[in-house]
Amino acid sequence: MGVITHTPAEKALIDLLDGAEDWRAAARQAVVEHGLPTKRAEAWKWSDLRRASQGVETAGVVKVTLNDASAPTRVTLDGDARLVLDATAGVSVASLEIEIPAGARVCLNEVHKMAESAFLTARLEIHLGEGAVLERVVTSDVPETSVPVVRTRVTVSAGATYRQATLTFGSRLSRHETHVTHAGEGAEVHLGGVYLLSENRHADFTSTVTHTGPGGLTRQLVKGAAAAHAQGVFQGKFKVEQAAQQTDAKMTHRALMLDDRAEIDAKPELEIYADDVQCAHGNALGAIDETALFYMRQRGLSEVKARALLIESFLAEPLGLISDETLREHVTGLLRDRLERIA
Amino acid sequence: MLKINNLHCQVETQDGEEKPILKGLSLEVPAGEVHAIMGPNGSGKSTLSYVLTGRDGYEVTDGKMDFLGEDIAELEPEERAAKGLYLSFQYPVEIPGVPTLTFLKEALNAQRASRGEAEMTAPEFLKFAREQAKALGVSMDMLKRPVNVGFSGGEKKRMEILQALILQPKFLILDETDSGLDIDALKTVAEGVNTLRSPERGMLVITHYQRLLDHIKPDVVHVMAAGRILKSGGPELAHELEAEGYDKYLGEVT
């Protein structure tokens, strides 16, 4: 294999991670040897990170704050919290471990902020103890020139509930990865995602849920809408190990093409080694219902308003996972504001 | 009030071809009158309702349609709605996720804003909507549900009339409002329509059958076939059509 010529972003990343430990050392080594992933890598075929990070040439800084205070790299949460990842221009890396103790109930409001031309690689490790409940609400409203790549690994113990609702408006490349290890035994995982992409933006929801124990429940619902030259990517995988009998798992991705020139790429996968399970996946693409649009305009709504209402009603469903009404209204409001600008 | 003169309209078919549907239709409905249009399937009745309200794909190629003295052919559907044109759809559309009350409040206030009128506040609107719903025997529970979702054919038609009662248009086009209704639902809907009759309001009732006209008594009945009005007369014309059918009119044009 030939020696690769590193891009400025790769060089900055290699320098930044010099002497790093844990996953960062491995990540550095991967970049040294192969560069950032390109579309030739199966898992990145619709999200060419090497290409998207061109133009980012310097090192940057990411500030990680928890309830407005600088966050340690390991934290135990037993009450509601607000987590902010705030990246400056350039390449930056964030790492955070979160422990939710057995029986705790936590709502984590997570906000991603990016400067123009910021390229953030973040890794979150979340562990839910037995019977714990974590509701994680992620909003990503970032500049088009930024590139956030946020990978979260979640381990869910018996009887615990993990609910995640993510809203993103995309960017040059936005990747939200969630990898869940699901113990079953009464544990529940609910993954909700919404992407609304104006022209030229990209968003990628990639996830795996691995059921390792029996009797687990997983519901995943991702809905998206994409304008001209925008690209929505959904890669979802459920893996059910042999011990995970009576797993009940359902995956749904539905997208609305707001323009013929939008691109939606979806790869739902089931990998099942247990024989007594209920697993299903569904994937559907559609366009705005022109008859409904005319009906609404005939009643007096402007075309923009009618389109916004139709798109909102299509997209809002996964946000129903947010149980706190104030937070749900806030996130739905972000969606609505965005729609008024692009509908 | 509504004045249509020598209207020609073509519709884009699914193959992308332009097909002429209306071929020189003329019609005038003064304020305060109810006119019925009767005609066989394929005569262009629904096309007339869509071209009047400005649906995409329905192109006027000749003639004129004036509403309240203004040519409306170039106006957007929502501009025509704000001027007071209302279409009760033959097949009311389901809109999942949008509660009926929210939809109607947005629609009413959009129309009012477009006319330069003050918007109605939420409590004012709720009170007004409740009164109108009660008159038509529609529960508030139904109004909280998404627009037309899960409603029976009869309920949808009743909601169309309720929407008209709330939006208070100047002119109503009722497109096959009787289809899918049993006799009790037909009576309720007709009562709703009759309460909307007023000296300032005009109506065009499009129907295939005469039975609706027993409950909504028209001032004038027009017979339409092959994209034109072939005969106009009083209510007795509807009974004549019921007895004799459309054959003799179809004979005239083919």
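Eight strands of chain A line up in an open sheet, in the order E3-E5-E7-E9-E11-E13-E15-E17, and their pairing is parallel. At the edges sit strand E3 (74-76) and strand E17 (263-272) of chain A, each pairing on one side only. Ignoring direction, neighbouring strands of this sheet are turned by 10° against each other on average. Keep in mind as you click around that this is a predicted model.

Let's zoom in on one end of that order. Strand E13 (residues 202-211) and strand E15 (residues 231-240) of chain A pair in the parallel sense over 10 bridges. If you want a spot to look at, find A:Phe205: its bridge partner in E15(A) is A:Phe234. Likewise, A:Thr206 stands opposite A:Gln235 in E15(A). Moving on from there, E15(A) is joined to E17(A) by 10 bridges, and these two run parallel. Here A:Gly236 faces A:Pro268 in E17(A). Is E15(A) enclosed or open to the outside? Of its 10 residues, 8 are buried, so E15(A) is largely enclosed by the rest of the structure.

Helix H1 (residues 8-16) of chain A lies across strand E5 (90-100) and strand E7 (118-128) of chain A, and its run makes about 50° with E5(A). Between H1 and helix H2 (22-34) of chain A comes a loop, and that is where you'll find A:Asp18. A:Asp18 counts as exposed because it has 9 C-beta neighbours inside 10 Å, and the cut-off for exposed is 12 or fewer. For a sense of distance, A:Asp18 and A:Glu110 are 92 residues apart in sequence and 28 Å apart in space, C-alpha to C-alpha.

Now for the other sheet. This one is open as well, with 10 strands in the order E2-E1-E4-E6-E8-E10-E12-E14-E16-E18 (chain A), and its pairing is mixed. Strand E2 (69-70) and strand E18 (278-287) of chain A stand at the edges with a single partner strand each, so one side of each has no neighbour in the sheet.

Which residues meet where H5(A) and H6(A) touch? From H5(A) come A:Ala308, A:Ile311, A:Glu312 and A:Leu315, and they meet A:Leu335, A:Arg336, A:Leu339 and A:Glu340 in H6(A). Sorted by class, the residues of this contact are 5 nonpolar, no polar and 3 charged.

That leaves the contact with chain B. Here 15 residues of chain A are in contact with 20 residues of chain B. Helix H4 (290-298) and H5 of chain A each supply at least two residues of the side of chain A that touches chain B. The largest share of that side, 6 residues, comes from H4(A). By class, the side of chain A that touches chain B splits into 7 nonpolar, 5 polar and 3 charged residues.

Conventions. Residues are numbered from 1 along each chain as its sequence is written. Chains are lettered from A and ligands numbered from 1 in the order in which they are written. This is a predicted model: local features need pLDDT of at least 70, side-chain atom pairs count only at pLDDT 80 or more; totals for chains, interfaces and linings use all residues. Two strands pair if DSSP finds at least two bridges between them. Helices (H or I, at least four residues) and strands (E, at least two) are DSSP runs, numbered from the N terminus. Axes are lines fitted to C-alpha atoms, for helices over the stretch in contact, and angles run from 0 to 180 degrees between N-to-C directions. Two residues are in contact if their C-beta atoms, placed from the backbone, lie within 7 Å. Ala, Val, Leu, Ile, Met, Phe, Trp, Tyr, Cys and Pro count as nonpolar, Asp, Glu, Lys and Arg as charged, and the others, Gly among them, as polar. A residue is buried if 20 or more other C-beta atoms lie within 10 Å of its own, exposed if 12 or fewer, and partly exposed in between; C-beta atoms are placed from the backbone.
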